[in-house]
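Welcome! Let us take a walk through this protein together, starting from the overall picture and moving on to the details.

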Amino acid sequence: VVSVPSQSHQIVFYYRKDIFDKYNVTWPQTMDTFEEVVRTVQDGERKARGDDTYFGFTIPTDDSTNRITYMLATLLTTEGGGTVVDDTGKVTINNPKAAKVIRRWKNWFGDITPFEAFGMSTSDSRRHFMADKT
């Protein structure tokens with residue numbers, strides 16, 4: 001045994017089926033379609049509510065448990081951006097797909113997720129969702 005993980009993090013998306021049905025959207029299969037769905041719901045709800053403080057989603061990023069690191073690593077992996085460092089110790093993050101992932105994530109804040117989500121805990125994010133703000 002080389003190491004044993006001391007913690008495990010799973011990424012879970014909560015969503016409201018009634019809102020997905022309202023806007024006739026389905027669960028996205030890629031990050032591109034994820035953004036499309038989020039924007040469709042966000043734009044529709046902002047118009048319906050007359051409230052531009054409604055956001056399409058929140059993403060907890062407080063760094064007390066290295067959440068930023070594993071969220072970014074997950075996005076890099078799912079979008080084909082590779083890893084930060086490969087098994088041989090070579091830095092591999094300097095590639096076009098990784099750059100796209102990092103730009104995408106940066107641009108989400110204040111656009112389709114509230115800027116204050118940067119630093120938001122999982123509990124804060126869940127409260128935001130339960131208060132019908134996302």
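Among contacts between residues at least 6 apart in sequence, 58% join residues that are at least 24 apart. Keep in mind as you look around that this is a predicted model. The protein has five helices and zero strands, so its elements, read from the N terminus, run α-α-α-α-α. Of the 134 residues in the protein, 34% are buried.

Let us go inside. In soluble globular proteins, nonpolar side chains tend to be buried together. Here, the largest nonpolar core has 18 residues. Phe34, Phe57, Ile59, Leu75, Trp105 and Trp108 are the ones with the most contacts inside this core. Three helices each supply at least two of its residues: H2 (31-49), H3 (67-78) and H4 (96-108). The most comes from H3, which gives five residues.

Which residues does tryptophan 108 contact, leaving aside its neighbours within four places in sequence? The list is Met31, Phe34, Glu35, Phe57, Ile59, Leu75 and Thr113.

Isoleucine 11 belongs to the segment before helix H1 (17-22). Is isoleucine 11 buried, exposed or partly exposed? With a relative accessible area of 32%, isoleucine 11 is partly exposed, because that class lies between under 20% for buried and over 50% for exposed.

Our last stop is helix H5, residues 122-130, where Ser125, His128 and Phe129 are buried. Why do these buried residues line one face of the helix? Seen down the axis of H5, they fall within an arc of 100°, so they share one face. The face of H5 turned away from the buried side carries Arg127 and Met130, which are exposed. After H5 comes aspartate 132, whose phi is positive, near 65°.

Note on methods:
Residues are numbered from 1 along each chain as its sequence is written. This is a predicted model: local features need pLDDT of at least 70, side-chain atom pairs count only at pLDDT 80 or more; totals for chains, interfaces and linings use all residues. Side-chain values use heavy atoms; hydrogens and water are left out. A nonpolar core is a set of buried Ala, Val, Leu, Ile, Met, Phe, Trp, Tyr and Cys residues joined through side-chain atoms within 4.5 Å. Buried means under 20% relative accessible area, exposed over 50%, partly exposed in between (1.4 Å probe, protein chains only). Helices (H or I, at least four residues) and strands (E, at least two) are DSSP runs, numbered from the N terminus. Contact means heavy atoms within 4.5 Å. The arc is that of the directions from the helix axis to the C-beta atoms.
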